[in-house]
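Here's a quick walk through a structure, from the overall build down to a few individual residues. Have the viewer open as you read.

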There are 2 protein chains.
Amino acid sequence: MNGADLLCETLLANGIDTCFANPGTSEMHFVAALDRQPRMRCVLGMSEGVVTGAADGYARMAGKPAATLLHLGPGLTNGLANLHNARRAGSPVVNIVGDHATYHLPLDAPLTSDVAALARPMSHWLGRAENADSVGLRTTEAIAASRQFSGQISTLILHADAAWSDTTVEAGNLAPQWLPTSPDIDRIRAAANILKTNQNVTILVSGQALLEPHLTLLSRIATRTGARLMAQQSNARLQRGQGRPDIERVPYPVDQALAAFENTEHVILIGASEPVAFFAYPGKPGRILPNTCQVLKLGEPEHDIAAVIDALAQETGAAIARAPQSDMPPTPDLPTGPLNPDSIAIAVARCLPENAVVCDESVSSGRNFFTHTHGAAPHDFLQLTGGAIGIGMPMAVGAAIACPDRKVLSLQADGSGMYTVQALWTQARERLDVVTVIFANQRYQILHGELRNVGAATPGENARRMLDLDDPALDWVSIARGMGVEAARAETTAQFHDLLSSAFRTPGPFLIEAVI
Amino acid sequence: MNGADLLCETLLANGIDTCFANPGTSEMHFVAALDRQPRMRCVLGMSEGVVTGAADGYARMAGKPAATLLHLGPGLTNGLANLHNARRAGSPVVNIVGDHATYHLPLDAPLTSDVAALARPMSHWLGRAENADSVGLRTTEAIAASRQFSGQISTLILHADAAWSDTTVEAGNLAPQWLPTSPDIDRIRAAANILKTNQNVTILVSGQALLEPHLTLLSRIATRTGARLMAQQSNARLQRGQGRPDIERVPYPVDQALAAFENTEHVILIGASEPVAFFAYPGKPGRILPNTCQVLKLGEPEHDIAAVIDALAQETGAAIARAPQSDMPPTPDLPTGPLNPDSIAIAVARCLPENAVVCDESVSSGRNFFTHTHGAAPHDFLQLTGGAIGIGMPMAVGAAIACPDRKVLSLQADGSGMYTVQALWTQARERLDVVTVIFANQRYQILHGELRNVGAATPGENARRMLDLDDPALDWVSIARGMGVEAARAETTAQFHDLLSSAFRTPGPFLIEAVI
């Protein structure tokens, strides 16, 4: 057994059996080790943004980390943007980044770079396996760190000589499972007191709180106390649809967010952070809550969020209350005429399969999606958590691999979709049940709005050359087919609805270019 | 005038009039400033690997930096791999990376990351414009640093409030031009003495030494003294073809490189580094030169390489010698039958237009390219310098923008081409004269060889799933057309030759999928 085998066996012993990969020469001994171990599922991404984005999507749905396999500093850097998103999602990921043999580093060969320095800003845990004997322990540490709290990013630098050298160290070290601490009951009583005695209270939640049964319990608490229940703007995973609470998110546009909290006197945070503007704007506040608003944080990352919510339900009397009447709007009729983001959302509401996973990177086109889809079949909703575009289609890859029995719907803006368009090929290669909807507005629509905000009434030549994607127009059907994904274009709502229903009934990946 | 205008004007005052960009909200004031200044050419890349790779290609051919415009930490990280290549090429690049308003950073909004920490490993100069008044000075510093030596990577972090705030600072600060120092004449005499009195001497060159008239002068020195003239394995830019010296490069495979220097007793380095193995292998040396070989370095980065070569020519008597007879092989006949890398190279040799720029990321398929193309029309040859794949097509973008009157030939392996496939769209948008040849072998061919080297005789399921790209096969014609680039597939040498000649005669981008 060499260090690479020890790494592989240690991952498997700890339940990590999926490896999203794009290897190179320095990782070839690890590739050979993976090749000797068919229990590990290896999934190739044709750029590292696909690799790390898939690991994030996988972790959100599987509730455990996948490994990634990245080639030296440049391979790592290509994946950092989606590690940023994974970090913001609280997803567990175990990155294995190859590096030169330790003794080769001083020669400064062309691919040499400071891998640790590049990894550190996006990693909660960073370690280095410098010899074969240390690989097992380092891997166990990396896995343990990745399981801390809701999940963390671990990056293990695997030197080539550590991978290829023999070792007699036994595989199978088990990383400890992370155990959350009990909630602070005084703080929960204080929150219950606020809820029972105040108007204009918002319970702002994210993380585990957005999964059932916690979300329904929170909804009972809100109903019983007259508080408003709201989700953070971006969330790793949110369960919604028929029979589940109709939860709104903090709006993205800063003015709408400010308006949403204008009269709020108390905010109780559960798994969420205090809302702030995504970006700063001249003359506008960065904090969304009014200065007079009082904030109580229930539960730090180390706390057991389920226990926090249970205790709060006890203290507010909501645990024994009846479930709130689900005020479910009927699914709206399908509009006629040209496609737009609203008619797309309505079509989705009408034909989304039960228990689907919706991966959302529709950016500006998705603003009204919740409004129309509350009555859709129950589904999980996964968002872009860190604002680094290019996670949508990779996240769909990871979600589909984590949940082979569920349909994945990938709602994808065209501009951000191009960032990691290579993910379509992995969807084809792995025969994943992913239906991708491209919102083809042929522009960075969100930036047109921002440009207006900075006072440029009509974009000139240079602005249009940086914000418009219409010259030439992207032909998404050709691009998808070129990567082995069957595809079609929809220009009317009826066409779109037909394509979508048919895609949901058919196994394997499909892409719809929705011309809006 | 605001800070963003000051930045734009300072770039222009220093001759930087091309900006490769992918902006976001935090850079919107800079976008508005660029929009007010039509003298700046703004070129959009649909992922930042395109942006920084194009800046590298531009710098290599224009001999001056372009600016890049990148969106916060994640936008920067997407571009770091090609900055790694640019750093290894010695290319000047001035990166402008947006960041949040200074006062917004402590709120830790979702897109917040440590931009400086991410930039540092790939930047020679790193600075921060924290207010509008400092933008001019910081930009000048960034430009000055980028011009040091053959070229360096400068990264300027532009905080949003520095961009949008008014300033009365005047634009137009001129960055000093970098001036090289004179050569060390004693060292040159020592080199001349080695050349005149020893057998088995290799002059190993890179950088400016590979451009005319220096290369021809070096060739005269070699001929007169009986030394061997050789280029580094990877070079930013090398001038070759009919009438120019037939210079070979240090081979990539470590065994071939070792064999090439087996009998070498002296190496004189001019603009090159001592050759080392690209990767370490068990039981093989990292240094390529024999232990007994003596190395003399002529010229540090601060030296005037042209003056070094001139002085060496004087000292060896080569300055007044006649130019060596160009021992030019006749262009070989076009082979018949199926395509392969050799027949592709021969077809290129036969129809490459005069003064073309060849951007090479053909990886394993390009190993014999030089053998067949020495008799091709004179051209510039640009390589992958840092081993971070995904620069080929972006580099072609930059070269074509720097040299609008020259044809660009982009020799592209399929696996690495997928990394930054979005560059095709920029080629279409900018109507660039780029002919792309995809070496479609449907695998990471180089890694199959490396896997064999580590003792895995027949790749198993997991190895094939990470190294093969044939399931599904990429349809490059569809992918290219989807991004607005006309394309065709060639399966025989005759087909390929016809497509290539026709593409060279037609303006605008064209892609040939060469099935090998």
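Two residues are in contact when heavy atoms of theirs lie within 4.5 Å. Take the contacts in chain A between residues at least 6 apart in sequence: 81% of them join residues at least 24 apart. Keep in mind that this is a predicted model.

## Chain A as a whole

Chain A has 20 helices and 18 strands. Its radius of gyration is 24 Å, close to the 24 Å that the globule rule gives for 516 residues, so chain A is as compact as a globular protein of that length.

How much of chain A is buried? Buried residues account for 65% of the 516. The accessible surface comes to about 17300 Å², and carbon and sulfur atoms supply 47% of that. As for charge, there are 38 positive and 51 negative side chains in chain A, with the centres of the two sets 5 Å apart.

Next, find strand β11 of chain A, residues 266-270. Five of its five residues are buried, so the strand is largely enclosed by the rest of the structure. Which way do its side chains go? His266(A), Ile268(A) and Ile270(A) point one way, Val267(A) and Leu269(A) point the other way, and all are buried.

β11(A) pairs with strand β7 (residues 201-205) of chain A through five bridges, and the two run parallel. In that pairing, Val201(A) stands opposite His266(A). Strand β12 (residues 294-298) of chain A is also joined to β11(A) by five bridges, again in parallel. Here Val267(A) is the one to look at, standing opposite Val295(A).

Now over to chain B and helix α1, residues 3-13. This helix is mostly covered, with nine of its eleven residues buried. Those buried residues include Leu6(B), Leu7(B), Leu11(B) and Leu12(B), along with Asp5(B) and Thr10(B). What do they pack against? On the helix side there are α2 (28-35), α6 and α7 (160-164) of chain B, and on the strand side β3 (67-71), β4 (93-99) and β6 of chain B.

Thr140(B) sits in helix α6, residues 135-146 of chain B, and counts as buried at 8% relative accessibility. Leaving out residues up to four places away in sequence, Thr140(B) touches Thr10(B), Asn173(B), Leu174(B) and Ala175(B). Thr10(B) is one of the buried residues of α1(B).

Ser154(B) belongs to strand β6, residues 153-159 of chain B. Is Ser154(B) buried or exposed? With a relative accessible area of 0%, Ser154(B) is buried. Ile143(B) is eleven residues away from Ser154(B) in sequence, and their C-alpha atoms are 7.2 Å apart.

Some background before the last stops: most residues other than glycine have a negative phi, and most peptide bonds are trans. Arg431(A) isn't a glycine, yet it has a positive phi of about 50°. Arg431(A) lies in the loop between α16 (423-429) and β16 (434-440) of chain A, and it is exposed, with a relative accessible area of 51%. Leu72(B) also has a positive phi, near 55°. Leu72(B) is part of helix α4 (residues 72-89) of chain B, and it is buried at a relative accessible area of 0%.

Where are the cis peptide bonds to look up in chain B? One runs from Glu212(B) to Pro213(B), with omega near 5°. Pro213(B) is in the loop between β7 (201-205) and α9 (214-225) of chain B. Another cis bond links Asp471(B) to Pro472(B), with omega near 0°. You'll find Pro472(B) in the loop between α18 (461-467) and α19 (476-482) of chain B.

Notes:
Residues numbered from 1 in each chain as written. Chains lettered and ligands numbered in written order. Predicted model: local features only at pLDDT ≥ 70, side-chain atom pairs only at ≥ 80, totals over all residues. Heavy atoms only, no water. Helix = DSSP H or I, 4+ residues; strand = E, 2+ residues; numbered from the N terminus. Rg over C-alpha atoms; globule rule 2.2 N^0.38 Å. Buried < 20%, exposed > 50% of the residue type's maximum accessible area, 1.4 Å probe, protein only. Areas by Shrake-Rupley, 256 points an atom, 1.4 Å probe, with all protein chains shown as cover. Lys, Arg positive; Asp, Glu negative; His and termini not counted. Charge placed at Lys NZ, Arg CZ, Asp CG, Glu CD. Pairing = 2+ DSSP bridges.
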